[in-house]
Every structure is written in structure tokens, then in C-alpha cells.
Amino acid sequence: MEKVTMNGASGGAYQEAWRRSISSPDDFWLDAAAGIDWITPPSKALDADGPVTGSWFPGGTLNTSYNALDRHVLAGRGSHTALIYDSAMTGTRIRLSYLDLLGRVAKFAGALRANGVGTGDRVIIYLPMIPEAVIAMLACARIGAVHSVVFGGFAATELAVRIDDARPSVIVTASGGLEPGRVVEYLPLVEKALALSQGSVHTVIARSRESIPGSAADYQDRSGTTVHWLDWADEEAKAAPADPIALRSDDPLYILYTSGTTGKPKGIIRDNGGHAVALNWSMRNVYNVGPGDVFWAASDVGWVVGHSYIVYAPLLAGATTVIYEGKPIGTPNAGAFWRVVDDYKVKVLFTAPTAIRAIRRVDPDLLELKNHDVSSLTSLFLAGERLDPETFHWANDGLHCPVVDHWWQTETGWAICANLLGIEELPTKPGSATVPVPGYDIAILDSKGKPIDKVGKDGNIAIRLPLPPGTLLGVWGSAERFASSYLTAFPGYYATGDSGHFDADGYLFVMGRTDDVINVAGHRLSTGSLEEVLTLHPAVAECAVLGVHDQLKGQRAAGFVTLKAGSTIDHGVLAAELVALVREHVGPVAAFRDVTILDRLPKTRSGKILRKTIRQIVDGEEYSVPPTIEDPTVLDDLKRALSASVS
Ligand code: COA
Ligand code: AMP
């Protein structure tokens with residue numbers, strides 16, 4: 001196979017850009033770096049002596065918050081809208097201009113500093129989809145504090161794990177978030193997480209929200225607390241605005257935890273310089289968005305999509321970002337997305353395929369679309385999980401604008417493969433994330449690391465080092481874990497953990513993970529961490545958790561357990577207790593509901609659980625009985641148990 005040198009499908013501007021990014025990375029990325037305001041401009045792009053994944057723009061100093069806010073105000077664009085907040089849950093709509101947002105960020109940065117937060121200190125941000133989430137992130141960036149945002153759907157235990165790993169001095173939170181039919185009170189979760197963790201936190205700053213009970217004062221007054229609980233509004237009001245400080249290009253901007261193969265999440269570290277350059281470049285070249293355009297990433301600030309494309313990239317580019325608190329359906333109907341596009345004249349919408357499948361399920365004929373004018377929409381970008389061809393066709397036929405599947409990961413922070421609408425729109429192929437983005441040199445490797453030179457043959461997708469700017473600098477606190485997770489499997493490459501193939505036109509098809517990571521509604525989960533939780537139950541002897549096919553969410557977690565000898569627990573009771581245990585330890589986001597209780601798990605003679613075979617049986621796929629199976633009759637027991645749980 002001609003490897004990723006692209007091909008007859010294009011031959012134009014895209015191919016030219018990709019080739020230049022690989023053959024002259026220094027020139028390519030220094031050009032891109034000119035889109036950022038540096039305090040000390042870098043004299044070269046790649047530091048060959050830096051960390052192996054690539055250390056970008058050595059010698060350069062900058063401030064990301066300045067680039068996202070101040071420079072637009074100084075350029076006379078202070079009155080332009082930076083952020084639109086639309087809560088379908090409360091009906092609130094707020095517009096903040098660049099000047100407004102700068103004012104609030106500078107004040108909150110001052111409040112953090114007044115509470116002892118210095119450069120390099122970590123701040124955990126545990127906030128729902130409200131403007132304060134964006135403000136808190138940019139305030140940290142302004143003073144060089146390293147934020148770590150934790151998604152609201154995680155339980156207190158998961159928050160505690162992140163506190164213990166990042167060791168923040170301050171947590172920024174709110175009284176709560178709003179889910180359909182349910183208020184999620186954050187303050188009790190924070191209190192519980194603090195009790196479970198090792199005590200690095202000295203201050204909690206909490207934003208009170210109307211109609212959600214709980215305030216900092218309620219917790220400050222509790223006897224025995226060693227943590228200061230402060231009210232956000234008070235702290236912001238009395239703070240002196242903080243100026244942006246100069247940071248080295250490779251100073252950390254944030255840590256974002258993501259699921260790996262073990263129960264312990266990995267803290268992905270992002271830098272300042274490479275990140276600002278790559279994201280700013282991506283807005284024009286991938287999404288074709290510039291100053292004044294309205295860009296809406298319907299995700300959550302707790303995920304990488306939210307970090308990159310709700311907060312940083314649109315603001316770096318001087319565009320308008322939308323922060324939407326609501327769902328694609330039910331808040332109040334399946335026209336919610338089209339209503340937001342219409343109300344704010346959104347140019348580009350970015351969401352997960354699950355959201356589109358949810359809309360399709362409720363409104364298969366797109367009747368709601370007729371109630372709104374979505375002519376402002378020039379493209380729909382999807383990521384987070386594979387875009388199945390059926391959903392692609394449905395959206396493509398209904399929306400009359402390009403529907404672009406693009407592939408990326410928390411680790412990369414921006415797209416690895418995409419159809420780069422700002423450079424050259426290539427023909428779309430359903431099921432493919434199109435072509436490698438400039439800067440990414442992709443290879444398909446066999447299990448020994450040898451390139452697979454056959455078109456259409458699946459293998460491990462790997463990226464030749466160095467990675468482009470904007471990708472991970474490392475794993476927080478563990479150079480060893482960074483290396484063992486990504487770099488040692490295929491020396492000279494970054495192992496993505498995904499499998500797939502190229503076709504003859506150089507289009508990449510990402511088919512699935514090669515590890516125990518699963519993707520539920522675009523949310524990344526580790527089956528290993530779910531298994532750890534199931535084994536906490538005193539009746540459980542052994543268990544396996546697998547990602548099985550789900551019509552709506554792409555995948556869902558299904559648990560298979562065996563009981564300890566002598567256990568007499570009722571199976572229905574056990575299943576309910578296991579579901580509750582996962583909700584308590586991991587959180588509602590795991591959406592764990594499927595439990596199958598077996599006498600024995602299918603295993604090989606050497607004791608390895610036959611996960612693939614179990615998954616194939618659950619998904620109704622063809623399978624062959626592995627020759628190494630300990631006892632083939634266990635598979636019949638499994639099928640019986642599955643049909644019993646269906647009926
Ligand atoms: N805080 C607290 N709980 C949350 C939460 C948050 N921020 N986000 C989700 N949850 C809860 C939900 O309320 C639900 O709880 P429940 O079991 O009590 O009903 C549970 O976590 C599972 O949520 P989810 O998987 O989102 O399912 P859902 O049925 O609520 O919604 C969709 C289904 C398809 C509408 C929804 O998954 C969706 O919009 N997906 C888009 C995916 C996305 O944005 N991915 C981000 C990457 S781009
Ligand atoms: P996350 O780190 O949560 O963004 O999840 C990254 C993982 O989601 C990837 O490694 C893939 O397994 C999957 N993924 C994301 N986008 C796509 C896509 N467009 N096509 C296929 N898989 C995807």
C-alpha cells in the first residue's frame with residue numbers, strides 16, 4: 001500500500017499541505033505559529049531534544065488566555081460576542097462579548113490568586129455547562145495555573161481519584177447541574193470526594209445557582225472542616241483583575257483525565273504553545289471557521305471536545321462559541337439542536353454520532369427541522385465514536401450540508417483524520433474519517449510493529465513520531481506510564497489503541513479499539529475499572545465487563561459475573577446491587593444496566609476469559625469456538641442465560 005502519501009483522490013491543496021507538514025514541519029508549523037500572539041516568538045518549531053512526542057516552539061513564551069481574549073479586544077473586537085450561553089434546562093440565555101468575558105476572566109483569575117493559586121498549581125474544575133466553566137478555565141490559563149476539569153456525571157470516588165493524582169489546592173464548583181428530571185447536587189459530591197482524598201485541597205470556591213440547593217456557606221459552617229468554602233460571586237466581586245503572565249510554550253495548560261486499560265485514569269498533559277497554534281490552525285483549516293463565525297460544539301466541558309472546541313479553539317480564532325446546557329432530545333424535543341442553530345445562526349455544529357442517532361430515533365423524518373431555519377449551517381462535524389454509515393446517510397440526506405466524520409482522542413486534543421473543509425473538501429466515504437490531518441503521519445502496523453502494506457487490511461493504527469503540536473506532552477506524574485501506554489508497543493510510533501485500515505485512495509477507516517476501552521454515547525470508559533467495581537460486591541467471585549453493541553449509544557457496558565461458592569443471593573437483587581454499585585463508584589455516565597449471572601465464565605485452558613467470543617455471542621455475530629477453550633459447553637450456558645434475560 002502506498003502509505004498515507006495521499007493519492008489520486010485529491011492531488012490538490014490538501015495533498016500539498018499534508019506533504020509540506022511532514023517534509024518541512026519547521027516551516028509549516030512556524031507559519032501556523034504566526035497566527036498566535038507570542039510574548040517571545042519561537043525561532044524554531046520542533047525541539048528535537050525535547051520529549052519524544054515532540055516539544056513544540058522552544059524558547060517561545062505566550063499566554064493562552066491573552067490569545068483567547070485580550071488580543072481580540074485590543075484589535076477592536078471587544079464588542080463582538082465571544083460566548084453564548086443557552087440553557088434548555090432553565091430557559092436562560094446570556095451573551096458575553098469579548099470585553100465582558102475578559103473582564104470576568106481577569107477578575108476570577110485575581111480571585112484564584114488571592115486564594116493562593118500560583119503558577120503551576122493545580123485547580124480542579126467541577127462545573128456544569130454554565131459560563132463559569134469557561135471563565136474558570138481561562139482564569140487558570142491567565143495565571144499559569146493548571147486546570148483539571150472533571151465531568152459532572154462522575155461519582156465522588158472518581159473525583160477523589162483525580163484529586164489524589166493532580167493534588168490541586170483549589171476546587172472550583174457550583175451548587176449543581178441539571179439533568180432531565182433530576183438535579184445533580186455537586187456540593188455533597190465534593191464534600192464526599194474531599195473526605196475520600198488525601199488532603200491537598202485548602203479551598204473550595206462554589207457558584208450558587210438559582211433553584212439548586214446548597215451554597216459554600218452551608219459547608220463552611222459545618223464543624224470540623226479544614227477546607228475554606230467560599231462563594232464564587234463574593235470572590236469575583238472583591239478580586240483585583242489579574243494580568244496574563246508569560247508562560248513557556250511547554251508549560252502545562254491543563255490535565256484532562258481519560259480512561260485507560262486499568263481502573264486508574266490517565267492525566268493527559270497539554271502544553272500552552274503547541275496547543276494554541278494547533279487549535280487556532282484547525283479552526284480555519286479543518287472547520288473553515290474564522291472571526292465572527294458562530295461555532296457550536298454540543299459536548300461538555302468535561303470532555304476533550306469541550307476543552308478544545310467549546311473553550312479554546314473558537315476563542316483563539318475570535319469566533320463565537322455556544323455553551324448549551326441541555327440534550328439533543330427531550331429538552332424539550334428533538335428539534336432542540338435545530339432551534340439553537342436557528343437562534344444563533346450557527347455556522348458549524350460539532351457533536352457525537354449518538355446525539356444524531358437520538359434525534360433520528362425520535363424524529364426519523366426530521367419533521368422538527370421544518371420548524372427552524374438552519375440555512376446558516378455549512379457543516380456538521382461528528383466525533384467521539386465511529387459514525388455508522390446509516391447515521392451518516394440520514395444526516396447527510398436531511399441536512400443538505402457536508403457531514404464530516406473526524407477521528408481523534410483525548411490524547412491528541414484535535415483531529416487526527418478529517419475532511420479539511422478549509423483547505424479542500426474531499427469526496428466523503430461513509431464509514432471513513434477521511435484522510436490524515438497535516439502533521440499526522442499514520443501507519444497501519446501488525447502486532448509485531450511491521451507495516452501492513454495491503455489496502456483494506458485492518459491493523460493497529462499508529463502515528464509516526466513526533467506527534468504534531470497540540471497533542472499530549474505526557475501523563476501527569478508518570479513518565480513510565482506515558483511510555484508504557486503509548487510508546488513502547490511500536491518503537492518510533494505513538495500507539496493510538498485503535499484499529500483500522502486505509503483504502504486505495506488513502507482514506508482511513510477506524511474500526512474499533514484494540515484494548516479494554518469502550519465508548520458509551522461518545523463517553524470513554526474503561527471496562528477494567530468497571531470490573532474493579534463489580535468485584536467489590538461480596539457475592540461476586542469473578543467478572544468480565546465488555547462493550548457490546550447498542551443501537552443508540554454505539555456501545556454499552558455489559559457485565560458477566562459468577563458467584564462465590566455458597567452464595568444464595570437472589571439474582572435480581574444482585575443485579576440491582578451491582579448496577580447501584582457502579583453508579584456509586586463510577587457515576588451515572590457509565591449507564592451500566594446489563595448484568596448476566598453465570599455458573600462459569602467462558603475461559604481458555606490457561607484461564608483467560610474469552611471476551612471476544614462472549615461479545616460476539618451477545619452481539620449475535622458469527623463466531624468460531626476457540627480451540628483453546630476449556631469447556632465448550634459453557635458457551636451454551638451463556639446463550640441460555642442471555643435468552644433468559646431477554647425474555
Ligand atoms: N452530570 C450528571 N449526570 C450526567 C451528566 C452530567 N453532566 N451527563 C449525563 N449524566 C447522566 C444522565 O443523566 C444519565 O443518568 P440516568 O441514568 O439517571 O438517566 C446517565 O448519566 C447516562 O447519560 P447519557 O449516556 O448521556 O444518556 P442519556 O440517556 O441521558 O442521553 C443522549 C442520551 C444520546 C441524549 C446523550 O448521551 C447525548 O446527548 N450524547 C451526546 C454525546 C456527547 O455529547 N458526547 C461528548 C463527546 S463529543
Ligand atoms: P476520547 O478520548 O474520549 O475522545 O475517545 C477517543 C476514542 O474514541 C478513539 O480512540 C476512538 O476509539 C473513538 N473515536 C473517536 N472519534 C472517532 C471516529 N470519528 N471514528 C471512530 N472512532 C472514534
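1. Ring pairs join Phe-28, Trp-29, Trp-38, Trp-56, Phe-57, Trp-281, Trp-414 and Tyr-440 into a cluster, where rings of Phe, Tyr and Trp (its six-membered ring) pair if their centres lie within 6.5 Å, and planes under 30 degrees apart count as stacked, over 60 as edge-to-face and the rest as tilted. By this rule the count comes to 29 aromatic pairs.

2. On provenance, this is a predicted model, in which local features need pLDDT of at least 70 and side-chain atom pairs count only at pLDDT 80 or more, whereas totals for chains, interfaces and linings use all residues. Residues are numbered from 1 along each chain as its sequence is written, chains are lettered from A and ligands numbered from 1 in the order in which they are written, and side-chain values use heavy atoms, with hydrogens and water left out.

3. Trp-281 belongs to helix α10 (residues 273-285) and Trp-414 to the loop between β20 (403-405) and β21 (417-418), so the pair ties together parts that are 133 residues apart in sequence; helices (H or I, at least four residues) and strands (E, at least two) are DSSP runs, numbered from the N terminus. Both Trp-281 and Trp-414 are buried, a term that means under 20% relative accessible area, against over 50% for exposed and partly exposed in between (1.4 Å probe, protein chains only).

4. A further edge-to-face pair is that of Tyr-324 and Phe-337, with 6.1 Å centre to centre and 85 degrees between the planes. Because Tyr-324 lies in strand β17 (residues 320-325) and Phe-337 in helix α12 (residues 336-344), this pair ties together parts that are 13 residues apart in sequence. Tyr-324 is buried, with a relative accessible area of 5%, and Phe-337 is buried as well, with a relative accessible area of 2%.

5. The charged end of Arg-162 sits over the ring of Phe-154, 4.5 Å from its centre, and the charged end of Lys-429 sits over the ring of Tyr-507, 4.6 Å from its centre. The criterion is that NZ of Lys or CZ of Arg is within 6 Å of the ring centre and within 35 degrees of the ring normal.

6. Which of the 25 residues around ligand 1 come nearest? They are Glu-179, Arg-182, Lys-553, Arg-583 and Arg-593, a residue being near if one of its heavy atoms lies within 4 Å. An N or O atom in the side chain of Glu-179 is 2.6 Å from an oxygen atom of ligand 1, and a polar side-chain atom of Arg-593 lies 2.9 Å from an oxygen atom of ligand 1. Taken alone, ligand 1 exposes 940 Å², of which the protein buries 83%, with areas from the Shrake-Rupley method and a 1.4 Å probe. Helix α13 gives the most to the shell around ligand 1, with 3 residues.

7. Around ligand 2 there are 15 residues, of which Asp-405, Thr-410, Asp-498, Arg-513 and Arg-524 come nearest. A polar side-chain atom of Asp-405 lies 2.7 Å from a nitrogen atom of ligand 2, while a polar side-chain atom of Arg-524 lies 2.6 Å from an oxygen atom of ligand 2. Ligand 2 exposes 490 Å² when taken alone, and the protein buries 93% of that.

Note on methods:
A polar contact is a pair of N or O atoms within 3.5 Å; within protein, one must be able to donate a hydrogen and the other to accept it, and residues adjacent in sequence count only if both atoms are side-chain atoms.
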